[in-house]
Amino acid sequence: MSARTTATKQKLFDAALKLVGERGAASVTVDEIAAEAGVAKGTIYYNFASKDALVEALLRHGVEILAGRLRSAEEADDSLEALVDEMLGFWAEYPAFGQLLVSELWRTPGQWHGTLSLLRDDIVSIVRGHMKRLSDAGRLPEGVEVGTASAALFGTLLVIALDWQVFQPERSRAQVRDSVMLLVRGMRSAR
């Protein structure tokens with residue numbers, strides 16, 4: 001892919017994400033995305049077959065960024081705190097993506113349910129690997145299944161990040177991370 005094509009797709013992703021985050025995917029038109037991106041409508045159809053294809057690519061793109069950051073955090077510092085911090089950082093940088101993800105994950109049956117299931121599994125598998133290491137070290141409460149703990153941490157961080165961005169924007173990322181870690185440590189010490 002050429003640098004120009006990559007730059008154009010990024011402009012389209014940014015525009016679509018902004019509009020979809022504000023109004024939801026169903027309420028946004030291709031014309032509005034093109035206008036926001038400063039490109040001709042045909043540019044969208046040249047790069048994506050439809051608005052739905054653009055939204056699906058946007059979902060994949062966002063999850064790829066998040067997965068890459070989580071993997072990097074694991075390589076740099078294999079602590080749960082680093083994983084939590086990186087996930088909060090991603091949601092802080094891309095709050096509209098969090099809104100899109102939440103709205104589409106819980107929509108039933110959901111147009112992008114199949115894609116979202118696969119993407120969610122990508123992220124949760126990274127968290128699951130971390131939880132498995134904690135479990136193997138005896139650091140999860142007895143009876144807590146790794147899969148449940150992984151999904152719970154992912155969901156908790158997604159909702160906490162949205163709450164932080166919408167209702168408590170004055171709090172710092174470090175404050176939110178520390179609160180999450182107190183909660184996590186409190187569960188562990190409840191053994």
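How much space lies in the second largest pocket? About 210 Å³. The model is predicted, and the points below should be read with that in mind.

1. **Second largest pocket.** Its lining includes L105, W106, H113, L116, S117, R120 and D121. A151, F154, G155, L158 and V159 also belong to the lining of this pocket. Two helices, α7 and α8, each supply at least two of the lining residues. By class, the lining has seven nonpolar, three polar and two charged residues.

2. **Largest pocket: volume and centre.** The largest pocket holds about 490 Å³ of space. It is lined by 24 residues. Closest to its centre are L80, M131, L134, L140 and V184.

3. **Largest pocket: contributing helices.** Four helices each give at least two residues to the lining: α5 (80-93), α7 (113-136), α8 (146-167) and α9 (173-189). Which helix gives the most? That is α9, with seven residues.

4. The lining has 15 nonpolar residues. Three polar and six charged residues make up the rest of the lining. For the second largest pocket, the charged count is two.

5. **Cavity.** The structure holds one cavity of 30 Å³ or more. The largest cavity has a volume of about 60 Å³. The elements that give two or more residues to its lining are α1 and α4 (51-76). Lining residues are Q10, F13, D14, L17, L58, H61, G62, I65, Y94 and F97. They divide into six nonpolar, three polar and one charged.

6. **Annotated span.** An unreviewed UniProt entry carries the annotation "domain: HTH tetR-type" for residues 6-66. In the model, this span is 80% helix and 0% strand. The C-alpha atoms at the ends of residues 6-66 lie 18 Å apart.

7. **G24.** This glycine sits in the loop between α1 (3-23) and α2 (30-37). Is G24 buried, partly exposed or exposed? G24 counts as partly exposed, because its relative accessibility is 22% and the buried class is under 20%. How far apart are G24 and E104 in space? Their C-alpha atoms are 9.1 Å apart, while the two residues are 80 apart in sequence.

How values were computed. Residues numbered from 1 in each chain as written. Predicted model: local features only at pLDDT ≥ 70, side-chain atom pairs only at ≥ 80, totals over all residues. Heavy atoms only, no water. UniProt positions renumbered as here; feature names shortened; annotations may be inferred. Buried < 20%, exposed > 50% of the residue type's maximum accessible area, 1.4 Å probe, protein only. 1 Å grid on protein atoms, 1.4 Å probe; cavity = no way out; pocket = protein on both sides within 12 Å on 5 of 7 lines; lining within 4 Å. Points joined across faces, edges and corners; volume = space filled by probe spheres on them. Nonpolar A, V, L, I, M, F, W, Y, C, P; charged D, E, K, R; others polar.
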